[in-house]
Amino acid sequence: MRAAVLREYGEPLAIESIAPPDVENHGAVVAVEACGICRSDWHAWQGHGEWADDKVPRGQILGHEPVGRIVETGDHVTPFEGGERVAVPFNLGCGDCGACVTGHGNVCPDDRALGFEPAAPGAFAERVHVPHAAYNLTALGESVAPVDAAALGCRYVTAFNALVRRADVAAGEWVAVFGCGGVGLSAVQIANALGARVVAVDVDNATLDLASEIGATETVNGAETNDVPGAIAALTDGGAHVTMDALGRQETCRDAVESLRRRGRHVQVGLTTDAERGEIALPTDAIARGEIDFLGVRGLSPTGYDEVLRLVESDVLDPGRLVTREVGLDDVSDRLAAMDEYETRGIEVVTEL
């Protein structure tokens, strides 16, 4: 099968012909129909994460946002017979530990990160193996197009976890989203569906126009605004109830925290680059005085995918609205390189493998 393999950091991925994966007793092999291209892939491609013991090794098949159809199952996988269309999470739980059985498989201590470690080769390939398939895979109705399901990827489900499960956003609240790439725009659409009022923050006016089209009440161009927290305070009559940093940069994270009103909630989605190396300075005294909550977010438990898919199937959420480009496997390297200077917009999806 064809696969895109990381051989050198920052260099074009090698498109290679390799043997298809063997199935484990508890696993399933999925024929990939489509796979999103995410900024987390860019982090892996750049060789980031050494500061968190999270650097992706050379030789890894990247890609962690697939949708496809089961072509083979292990002997212990009884919920699926083969042929089913499925959504595949990137954070693959073991299915048995305390975190998994209580609905928090996204932080399973024995998880495998699809596309980021040798134990879980990724989905920029014709086929991908999914361990503990009975726990990790979610059946996907035929009504959801492959490109739409791939757009859910880690972007929509992460934004859903951030806003619904972690921040518990309520109708009428102000939500400020910093960084309107794939996960940020997903958050704008989800917050709007929840009845919240959304301020979208980015440095690209075309991106902000798209954010307005999908539900942002207000927009702020961070490159044209000297005091972003002040601008948000003015727009929201005192500050946002919830903020999200989707970039992981010192400036955006701090601005997001400083844009909150008292007793506000911040959700951190974006991972840092080699500029921050996992550490960001924050106004901790102000956080304490204002009783601010700072909440980390990592994907969504596989057990939560059904809830998101129901919203897509009922047209409450429309991930396909954010797909701006469909590409082939040979184009992935160029699309990753375009992320160097934030030259991508919305969600891009590999549909030709």
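Colleague: Why is Glu213 called exposed in this predicted model?

Modeller: Glu213 has a relative accessibility of 56%, and because exposed means over 50%, the residue falls in that class.

Colleague: What makes the pair Arg321 and Glu213 a salt bridge?

Modeller: Their side chains meet at 2.6 Å, N to O, and since a salt bridge requires a side-chain nitrogen of Lys or Arg within 4 Å of a carboxyl oxygen of Asp or Glu, the pair meets the rule. Arg321 sits in the loop between helix 10 and strand 16, whereas Glu213 belongs to helix 6, 108 residues apart.

Colleague: Why is Arg321 called partly exposed?

Modeller: The relative accessible area of Arg321 is 34%, which lies between the 20% and 50% limits, so the residue is neither buried nor exposed.

Colleague: How do you know that Arg335 and Glu348 are buried?

Modeller: Arg335 has a relative accessible area of 12% and Glu348 one of 4%; buried means under 20%, so both residues qualify. Their side chains also meet in a salt bridge, at 2.7 Å, N to O, which links Arg335 in helix 11 to Glu348 in strand 17.

Conventions. Residues numbered from 1 in each chain as written. Predicted model: local features only at pLDDT ≥ 70, side-chain atom pairs only at ≥ 80, totals over all residues. Heavy atoms only, no water. Helix = DSSP H or I, 4+ residues; strand = E, 2+ residues; numbered from the N terminus. Buried < 20%, exposed > 50% of the residue type's maximum accessible area, 1.4 Å probe, protein only.
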